[in-house]
Amino acid sequence: NKNAFVQGEHIWFKSYLYNRLKSTPFDEPVNLYVGIYDEKGNQLKKQLFISENGYAHGQIAIDSTLIEGMYYLKANTSWMQNFKEDDSFIQQFTVLGNDIEVESSFNEKNIDIQFLPEGGHWVTNVQSVQE
């Protein structure tokens, strides 16, 4: 859901594995390899995740080994090596430096708070969520 990270964050993912021969989710347990590569294609990290019932999920830490720059996340299975097509998932992302400047245009004198209830009416003394 994003492609820029700072050190200390994690890349969270959920992968869906599909059996193109059967046109169904890949139900058998399969090893999913997820790696991080630099701009030159050098592998910097690689982790193994187990897929079950057609999907796998996990996280990879953006630690101090990944300095500011451009990287690639690659996910594949050993099963994919049985085919000519390279169906590996590849996503480019950026690690930002720690010296990010945030400009704020917050001015306490120009605060405007509005309550805009759905339907245009504010209803009081009515329980809207059952506890």
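Tutor: From the N terminus on, the elements of the protein chain run β-β-β-β-β-β-β-β-β, and the chain has nine strands and zero helices. This is a predicted model, in which local features need pLDDT of at least 70, side-chain atom pairs count only at pLDDT 80 or more, and totals for chains, interfaces and linings use all residues. Residues are numbered from 1 along each chain as its sequence is written, and side-chain values use heavy atoms, with hydrogens and water left out.

Student: What makes a run of residues a strand or a helix here?

Tutor: Both are DSSP runs numbered from the N terminus: a strand is E with at least two residues, a helix H or I with at least four.

Student: Why is Ser-88 called buried?

Tutor: Buried means under 20% relative accessible area, exposed over 50%, and partly exposed in between, with a 1.4 Å probe and protein chains only. Ser-88 has 16% relative accessibility and therefore counts as buried. Ser-88 is found in the loop between strand 8 (69-77) and strand 9 (89-95). Of the 131 residues of the protein chain, 24% count as buried.

Student: What joins the side chains of Ser-88 and Asp-86?

Tutor: A polar contact of 2.7 Å joins them. The term requires a pair of N or O atoms within 3.5 Å; within protein, one must be able to donate a hydrogen and the other to accept it, and residues adjacent in sequence count only if both atoms are side-chain atoms.

Student: Which residues is Ser-88 in contact with, leaving aside its neighbours within four places in sequence?

Tutor: They are Lys-74, Ala-75, Asn-76 and Met-80, where contact means heavy atoms within 4.5 Å.

Student: How do you know that strand 5 and strand 6 pair?

Tutor: Two strands pair if DSSP finds at least two bridges between them. Eight bridges join strand 5 (residues 30-38) to strand 6, and the two run antiparallel; Asn-31, for instance, has Ile-50 in strand 6 as its bridge partner.

Student: In what order do the five strands form the open sheet?

Tutor: The order is 1-9-8-5-6, with mixed pairing. Strand 1 (4-5) and strand 6 (43-51) are the edge strands, since each pairs on one side only.
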